[in-house]
Amino acid sequence: MNLFVNGCSFSAGHGEVHDQQGKLLPPLDYVWSNQIKDKFDSVTNYALAGGSNDRIFRTTMEYFSKDPTDTIAVIQWTAPIRFEVYNELFRTWLGICNNATISIRPSMSNVIKDEDLSVNIHMDDGLALEKFRSHKAYNKIANASQQQLMFLKSLNDYQIQFYKNVYVLEQYLKSKNIPFIFTSMSFYNHVVDTQSFMSFDTIETPPTKLEIDLKKIIDKSQWTEQPFTGYMGTNYVSNQDHHPNEEGHRLISEAIISELSKRNYI
Amino acid sequence: MKLLANGCSFTYGSDMLKSTSQTWPTQLENNFSEVHNIAMGGGSNDRIVRTTLDFCNNNDMNDYMAVIQWTSPFRKEYYNPNTNDWVGGTTLLQDNSSLNNIIMDVTVEKGAKVTDKDLQVISKAATQDMLYLQSMTDYRLSMLKNILTLQNFFKQHNIKYLFTSMGPETHIAGTMFTHIHSLQNSQILHLLEGCVDDTKWTDISFANMLDNNLEYIISQDDTHPNEKGHKLLAHTIWQHIGKIYG
């Protein structure tokens, strides 16, 4: 049995994304998928730090279109506010990672300024990304990304896109008879209802009827009981960096094995 | 059997049409016990998904046939939490001279409370989004995700449906869509297109059915169907329903 993993830094590991030649670095040994590699014939991990749900959707479909045999998929969905666009100029996908979730709450939307938001743009090719940063298009793209977040899309819009990604990928994997489980980075986008999560975001952005309709059609039985932040508890890197530390990754790996066993996938 | 129709102005009826009673869903009234047309002029595919799911979740769909007319992928819809309104964005070419003259025009449904000032801000951000962020690939990707969301929903809930579209550039079942995709060199578009069940699509789009024939369209400058055009669309839709569902 082979394991395919996709997600963000919670599945890729935190830290550097590219090596000095601009190639994507593989997940380090402490990452949860590597801690359980002995249980599988092979582990393929497509997760990327800062990666979006759009990227998870796209790269998972691309992987399974090659019809890998005897493979289980563990998909860890990430923050809905990240997204990906295809850049015709550079003929590549750009990952857009906004770093100011707290600043876009509706109650603060009247006071946020451009400088309150920082946008990280990712390319798989690190050397091309360096060149792109000095190109005149870079600032326009970064600025349009900020404008989208500040004035165009609400948190609800991002959540709607997230649900569509989840639903279409769920149906794709089912249609190909691929065993899979879905999980998520945190309680915010964990589709299985939990009582333990209530924050300002959920109070200030109540779901639209469309979000409720979309959430209703997602198959909850394919989801882990809790998101990664629930399994890792306080085992994070530091107070400033809430990525799972080695012990956090170990706890996540135990939970994933338990979820796969529960469904007789392993 | 009841009919649910959704789409844009090609289904709602354009402003130049003398009466909404001339639209193709209305012309099918004799074939169905009830006709519900929830299309909106200038509406986006995002809106089509939202309003269709809402309708299906509020009605017993066992006795319904849903006919969905997909529209331009360049239209979008955004939620404004401050006023609880949906704001639609449509590309508008002010003149043909340069890209800088393309703007995103924003529209709202009747009764919306969003202010003109907010709409100006949204329009400006939507224009930036279109000019510098989103590519043709992104718009088509978004359209395919919308199509697959509704297709999977209908199949999962055993709801009878037929898909069609405004023009050849949005018609998945034809060869034109594939041809345009190949120019984008994007694997994900081909993969998603492969998931679309083209047996539930009309053979050709509305624009192809009307064939730019002045007998069927309002004028050379306004290619929306006229009354005769809507009659032709109604006839063709009814034929397709018969072919698929007997």
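This is a predicted model: local features need pLDDT of at least 70, side-chain atom pairs count only at pLDDT 80 or more; totals for chains, interfaces and linings use all residues.
## A four-strand sheet in chain A

Let's start with an open sheet of 4 strands in chain A, which has the order 2-1-3-7 and parallel pairing. Strand 2 (42–45) and strand 7 (180–184) of chain A stand at its edges with a single partner strand each, so one side of each has no neighbour in the sheet. From one strand to the next, the twist averages 15°. Residues are numbered from 1 along each chain as its sequence is written, chains are lettered from A and ligands numbered from 1 in the order in which they are written, and side-chain values use heavy atoms, with hydrogens and water left out.

Some terms, too: helices (H or I, at least four residues) and strands (E, at least two) are DSSP runs, numbered from the N terminus. Two strands pair if DSSP finds at least two bridges between them. Strand 1 (residues 2–6) of chain A pairs with strand 2 of chain A in the parallel sense, over 4 bridges.

Contact here means heavy atoms within 4.5 Å. Angles run from 0 to 180 degrees between N-to-C directions, and axes are lines fitted to C-alpha atoms, for helices over the stretch in contact.

Helix 6 of chain A packs on the sheet as well, touching strand 3 and strand 7 of chain A. Its direction makes about 165° with that of strand 7 of chain A.

## A three-strand sheet

Chain A also has an open sheet of 3 strands, in the order 4-5-6 with antiparallel pairing. Strand 4 and strand 6 (119–122) of chain A stand at the edges, each with a single partner strand, so each has one side without a neighbour in the sheet. Ignoring direction, neighbouring strands of this sheet are turned by 25° against each other on average.

Strand 5 (residues 92–98) and strand 6 of chain A run antiparallel and are joined by 4 bridges. The bridge partner of Gly95(A) in strand 6 of chain A is His122(A).

## Where two chains' helices meet

Helix 3 (residues 53–64) of chain A packs against helix 7 (residues 187–195) of chain B at an angle of about 75°, with axes 10 Å apart. That makes the two helices roughly perpendicular (65 to 115 degrees; under 35 is roughly parallel, over 145 roughly antiparallel and the rest oblique). Helix 3 of chain A brings Phe57(A), Arg58(A), Met61(A) and Glu62(A) to the contact, and helix 7 of chain B brings Gln187(B), Ile188(B), Leu191(B), Leu192(B) and Cys195(B).

By class, this contact has 6 nonpolar, 1 polar and 2 charged residues. Ala, Val, Leu, Ile, Met, Phe, Trp, Tyr, Cys and Pro count as nonpolar, Asp, Glu, Lys and Arg as charged, and the others, Gly among them, as polar.

The largest cavity has a volume of about 470 Å³. Among the 31 residues lining the largest cavity, the closest to its centre are Asp54(A), Lys153(A), Gln161(A), Lys76(B) and Ser142(B). Helix 6 of chain A gives the most to this lining, with 7 residues. By class, the lining of the largest cavity has 12 nonpolar, 6 polar and 13 charged residues.

A cavity is a set of points on a 1 Å grid over the protein atoms alone where a 1.4 Å probe fits but cannot get out, and lining residues have an atom within 4 Å of a point. Points are joined across faces, edges and corners, and a volume is the space filled by probe spheres set on them.

Methods: On a 1 Å grid over the protein atoms alone, a cavity is a set of points where a 1.4 Å probe fits but cannot get out, and a pocket is an open set with protein on both sides within 12 Å along at least five of seven lines; lining residues have an atom within 4 Å of a point.
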